[in-house]
Amino acid sequence: MRKKLTFLLTLITACIGLYAFMPVDVITVKGSDTMVILAQKWAETYQSKNSGVSIRVTGGGSGTGISALINGTTDICNSSRPMTKTEKQQLKNRYGSPGVEVRVAKDGITIYVHPSNGVSKLSIGQLKGIYMGTITNWSQVGGKNARIIVYGRENSSGTYAFFKEHVLGGYDFGGSVQTLPGTAAVVNAVAKDPNGIGYGGFGYAKGIKVCQVSTTDGGAGIMPSDQTINNGSYPISRYLYIYLKNRPTGALKSYVDWIISAEGQSVVKKTGYFPL
Amino acid sequence: MGTLIRKFLVLSALAGLSIGIAHAQQEGDGTEPTSPEEVQGDVETIKERMDLAEGTLEKLTQLKISGYIQAEWQHFDQTTSPQGRALFSDPRRNAFLIRRGRIKFQHRSSWLTAVLYPDISERGVVLKEAYVDFGLLPDNELNITVGSFNRPNYEVEISSSNRESTERAQVTRAFYPDERDLGLMATYYPTIAESFTPKLQVGLFNGGGATAASEVDPYKDIIARLTFPLPLGAESPVQIDLGASLYHGGIPVATDSLLETVDGKTKLVFNDATGDLRGLGNRKNFNVEGQIFLDLLPIGGTIIKGEVMTGSRPTAGTAATSASVGITKGSDGKDSIRIVPGAAAKPVQVRNQMGYYGYFIQNFGSSAQLALKYDYFDRNTDMEGAQVTSSGDVAVGVLGFGGSVFVGNARITLWHEIPTTEQDSFGGAEDLKDNKTTVRFQYKF
């Protein structure tokens, strides 16, 4: 009996030990669509200087990335929103750690409108009305008499969740919001639609007009910039995060350390986001 | 799934557009050129179709399908499992089986979530969960759940696809049969501070379990559970969660027989025979739980967790013996229960029970895990040793150990269990030949 038990224990330990400590040289990164460009730039720059490491980056949205982290199908999760308490609990139950959160950049949720649109400033209250469907015409916010075509993101997006919490106050989006699969698609739609409005990361703001945002209806409009995002005056600024299952070691730790180093943060600036 | 469908639609539209343009160009080589207005019209048509498809896709993205399959091979030390402790009652030394084949359909619409969750295996199809969840406050701060769903308990709420051992502890299975039950539950889960998020669950349930025949009676079971993390800080490598829960309920006993254990012997009791209700078989328990999560070792996270449960459950009892006939006086000297001669054919027996479990888990990165578990369940705390004469009264401890490797969506688990039975007059020995080994392959999607 004791021999059988010893044999079984040895067998289990040996198999699992061998498997667990097989060398890994591929780092998988999954998550936020907002951060895809940034994550790809980080990966390209890092791999060019560290030939032994292979980094695979995919998007899918922050929610998808967090699910992948919990399920063990990614090493790093990019997220444009903090993990929820339920997600942290799931991670804790699986890996014995609530995860490691690393702030890697700042971003201002940017309001995109068509370049021909006369509206240059919107308050948080007006944005809430537009995205909840109570404000439906540009004339209600000082623009021309035309229906507002509202573009947004899918509910797996961290930007969607952040916008919902910080602009809509946790309420649901209106039924007229057309959801698009990525920030690039939102920018593209607004660039072609004179009556369109969309939101997304500042790094994607090309071919559209960036709208100023004020905290109150009569308040001063603020543009997202290095200064306004760093001093917190831009009303809808946020951190961008990476999440890991546990405290990183080896190649993973070196990569994460590099991301928050001066070199990694210079990539943040070049990509159109705001360094820490 | 939504992303794949979307990619397919976009590719189809692009292919359609390319073919349309190529076709227009070919036509242009013939008799008359295609005007820009015609091409623009084609583009508009495709755009309209895309919008229509987007609308349909939007509805599809509200539906999430997930699940897992557990195929396994079990080996028992002997053909029959002593005292009915085996997972399956038919005698066999080893067998392949589908332990669980779960598919979850979840539809989310605004603040409502509906779930249908059947289990499909070679033994048939059983509906495990069917409920609607009302999210009354953002970030799951206040939810109301109605239908058939997990009772509030730590080991019950951990999915079998994520649990380190192949089965739940004996006491969990006894106190929460089927894990799920039909009822209504409120969950309050506020964020008081970043690392302090207590959770209060209070539910009202039928009591019999999700797959049991409905208990149509005025007695509902109440379960309340409070859990909270110690405020050690979000950055702390040590996290501790604590909790306690209370179960208060019962089932009316309409037969003439209600058995209880008095002075180490099973005795027949019942209330005054003036109505249909002859007594209430108490379902009561009090649990204390704790989980310690340690992210201290470079090889991976460590988890130490456990729970103690003590209470009583009504179960099908054995036939009353003549020894049960008589009058029993309560501690105050009065007749608190009346004993009558002549046992009914199907008595119900209420037993005071106690059990606990403890896990030690060591992760190796995210690809492997080793676990050690001990669980103990005393089915009748009022009997011991020679007083134990039936399988329903025996106490059993089970030492389990094993490990899992994770490869993408797959998980392979090897698990071995060594039950140890208390010495009793029913035939128990310290270590009967009833060990069990399980090799499980799981795929989760």
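Guide: Helix axes here are lines fitted to C-alpha atoms over the stretch in contact, and their angles run from 0 to 180 degrees between N-to-C directions. The model to which this applies is predicted.

Visitor: At what angle do the axes of α3(A) and α4(A) cross?

Guide: The angle between the axis of α3(A) and that of helix α4 (residues 85-95) of chain A is roughly 20°, and the two axes come within 9 Å. Angles under 35 degrees count as roughly parallel, and α3(A) and α4(A) are therefore roughly parallel to each other. Their crossing is left-handed.

Visitor: Which residues of α3(A) and α4(A) meet?

Guide: An α-helix has 3.6 residues a turn, so residues three or four places apart point the same way. From α3(A) come A:I66, A:L69 and A:I70, and they meet A:E87, A:Q90, A:L91 and A:R94 in α4(A). This contact of α3(A) with α4(A) has four nonpolar, one polar and two charged residues.

Visitor: How do α2(A) and α10(A) cross?

Guide: The axes of α2(A) and helix α10 (residues 262-270) of chain A come within 10 Å, with a crossing of roughly 135°. An angle over 145 would count as roughly antiparallel, and 65 to 115 as roughly perpendicular; α2(A) and α10(A) are therefore oblique to each other. The crossing of α2(A) and α10(A) is right-handed. On the α2(A) side the residues are A:L38, A:K41, A:W42 and A:T45, and on the α10(A) side A:G264, A:V267 and A:V268. By class, the contact of α2(A) with α10(A) divides into four nonpolar, two polar and one charged.

Visitor: Which residues of helix α7 of chain A are buried?

Guide: A residue is buried if 20 or more other C-beta atoms lie within 10 Å of its own. In α7(A), residues 183-192, the buried ones are A:T183, A:A185, A:V186, A:V187 and A:V190. They pack against β5 (110-113), β7 (149-153), α6 (158-166), β8 (178-180) and β9 (196-200) of chain A.

Visitor: What does the domain assignment of chain A give?

Guide: Domain 1 of chain A is in two pieces, 13-107 and 239-270, and domain 2 is 110-235. The centres of the two domains, taken over C-alpha atoms, are separated by 29 Å. Domain 1 puts 16 residues into the contact and domain 2 puts in 15 residues. On the domain 1 side, at least two residues each come from α2 (36-49), β2 (54-60), α3 (62-71) and β4 (100-108) of chain A. α3(A) supplies the largest share, three residues. That side divides into two nonpolar, ten polar and four charged residues.

Visitor: How many residues of chain B are in contact with chain A?

Guide: The size of an interface is often given as the accessible area lost when the parts come together. Counted by residues instead, 37 of chain B are in contact with 30 of chain A. Elements giving two or more residues on the chain B side include α1 (2-29), α2 (36-61), β12 (280-294) and β13 (302-316) of chain B. β18(B) gives the most, with five residues. The chain B side has 14 nonpolar, 19 polar and four charged residues.

Visitor: How many helices and strands are in chain B?

Guide: Chain B has four helices and 20 strands. Of its 445 residues, 34% count as buried. Among contacts in chain B between residues at least 6 apart in sequence, 61% link residues at least 24 apart.

Definitions and conventions
Residues are numbered from 1 along each chain as its sequence is written. Chains are lettered from A and ligands numbered from 1 in the order in which they are written. This is a predicted model: local features need pLDDT of at least 70, side-chain atom pairs count only at pLDDT 80 or more; totals for chains, interfaces and linings use all residues. Domain bounds come from an automatic or database domain assignment. Two residues are in contact if their C-beta atoms, placed from the backbone, lie within 7 Å. Ala, Val, Leu, Ile, Met, Phe, Trp, Tyr, Cys and Pro count as nonpolar, Asp, Glu, Lys and Arg as charged, and the others, Gly among them, as polar. A residue is buried if 20 or more other C-beta atoms lie within 10 Å of its own, exposed if 12 or fewer, and partly exposed in between; C-beta atoms are placed from the backbone. A crossing is left-handed if the near helix is turned anticlockwise from the far one by less than a right angle, and right-handed if clockwise.
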